[in-house]
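Me: I would like to learn how to read a few local features in a model. Could you take me through some of them?

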Amino acid sequence: MSFNLETLIRPNIRTLEPYRCARDDFKEGILLDANENTHGPALSNISSWELALELNRYPDPHQLELKQQIANFRNSAPNQLVESSTRKIDADNLCLGVGSDESIDMLLRCVCTPGKDKLLVCPPTYGMYLICATVNDVEMVTVPLTTPDFQIDVEAILAKLSADPSIKLIYITSPGNPTAKLIDCKLIVDLLKRAQESWNGLVVVDEAYIDFVDPTAPNTSQSVSTLVNQFPNLVVLQTLSKSFGLAGVRLGITFATAGLSRFLNAMKYPYNILSLTSAVAVRSTQAEDGLKVMQGYVKKIKNERARLLETLSKIDGIGKNIGGLDANFLLIQILDSTGTPSNEVAAKLYNTLAVENGVVVRFRGKELNCTGALRLSIGTEEENATLVEKITLVLPTLR
């Protein structure tokens, strides 16, 4: 059994007719077709920017301008893995969601029959996969990342797929959360090529942190989103929450073949992307505006990441960075008095920093192969200095 999109999609989704909304037909004129309040938004004072958004009207259900800008941005990055005969990605390769979480859930509903099909993940990984799988009554199976390098085990994944054809989705975080480690692109391509020959399912690569990767490092080729036309069994998730600094607008992007994107766009709620979200996202993905700002922020975060790691390494009781340097956070081990990674000390440090010192990090010691680990987001220079100061003060009292 090889990859076949038509038979992979659940029958009820395959025959779904997308909801046709008022703005599919007409966008201009005296619009009396959608039962909107034509007097405008209920605001006593309204700015010119708010007025231009026409907040009393339903938002654009298709967001073609925004989709094309995102596609252009990803196409602009060189990728040696893209075959020259493969066309670049376009707006029809994209589906937009309310954050990546909606995209994760939508893919489950698209291909997994509740109580029958399964999802495969590679821990340690993002916890929302389990939440969405549980809500959708989809069993989750695991193939752990290899240690200590936190890479996917292609042979073990393929063996699991061969033994259990009810697995329909694989979710891979790259760079990983909480590992901050980019998955070698060659491993992903190897998995895609070999899986599609004997398995009818999708490999979903979650690239929430992709812009923090050093493109000059070995085995990196920027985002694999530009490979979706080359590999029909590939889906890539991204978000504007991280490098673009827009967690508050909740916008996630799904890259897939045009065929799969049509199913996903038919499934989504017609007005899921707000006018406010769209307006900010369009500005942020324009080359002459937001992209330059984003790239400037990413450079600052990378510099602070290197500085913070060097400073932390000099503190007694701080172990090694067990993750990678491919995201906007570090995964640092906390050691007890014997020099052993300790969940007890790490949990105490996490709690004391938050409750008594106003510095909040994330305890990740219960994740697979992450004993004693704290996940530290990279803040501003001032915030990182305070973090170091508080750890230096608190940690000796806990060991």
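Predicted model: local features only at pLDDT ≥ 70, side-chain atom pairs only at ≥ 80, totals over all residues.

Me: At what angle do helix α5 and helix α6 pack?

Reply: Two packed helices are described by the angle between their axes and the distance between the axes. Here α5 (residues 99-111) and α6 (residues 128-135) pack at about 40°, with axes 10 Å apart. That makes α5 oblique to α6 (angles under 35 degrees count as roughly parallel, over 145 as roughly antiparallel, 65 to 115 as roughly perpendicular and the rest as oblique). Axes are lines fitted to C-alpha atoms, for helices over the stretch in contact, and angles run from 0 to 180 degrees between N-to-C directions. Helices (H or I, at least four residues) and strands (E, at least two) are DSSP runs, numbered from the N terminus.

Me: Which residues make the contact between α5 and α6?

Reply: Contact means heavy atoms within 4.5 Å. From α5 come Asp-101, Ile-104, Asp-105 and Leu-108, and from α6 Met-128, Tyr-129, Cys-132 and Ala-133.

Me: Is Asp-211 buried or exposed?

Reply: Buried means under 20% relative accessible area, exposed over 50%, partly exposed in between (1.4 Å probe, protein chains only). Asp-211 counts as buried because its relative accessibility is 13%. Asp-211 sits in the loop between β5 (202-206) and β6 (234-239). Leaving aside neighbours within four places in sequence, the contacts of Asp-211 include Phe-73, Ser-243 and Lys-302.

Me: Where are the cis peptide bonds?

Reply: One joins Ser-174 and Pro-175, with omega about -5°. Another joins Asn-177 and Pro-178, where omega is about 25°. Pro-175 lies in the loop between β4 (167-173) and α8 (185-198), and Pro-178 is also found in the loop between β4 and α8.

Me: What is phi of Glu-54, and what is phi of Arg-250?

Reply: Glu-54 is not a glycine, yet has a positive phi of about 50°. Phi of Arg-250, a residue other than glycine, is near 55°. Glu-54 is in the loop between α3 (48-52) and α4 (64-75), while Arg-250 lies between β6 and β7 (252-255) in a loop. Glu-54 is partly exposed at 48% relative accessible area, and Arg-250 is partly exposed at 31%.

Note on methods: Residues numbered from 1 in each chain as written. Heavy atoms only, no water.
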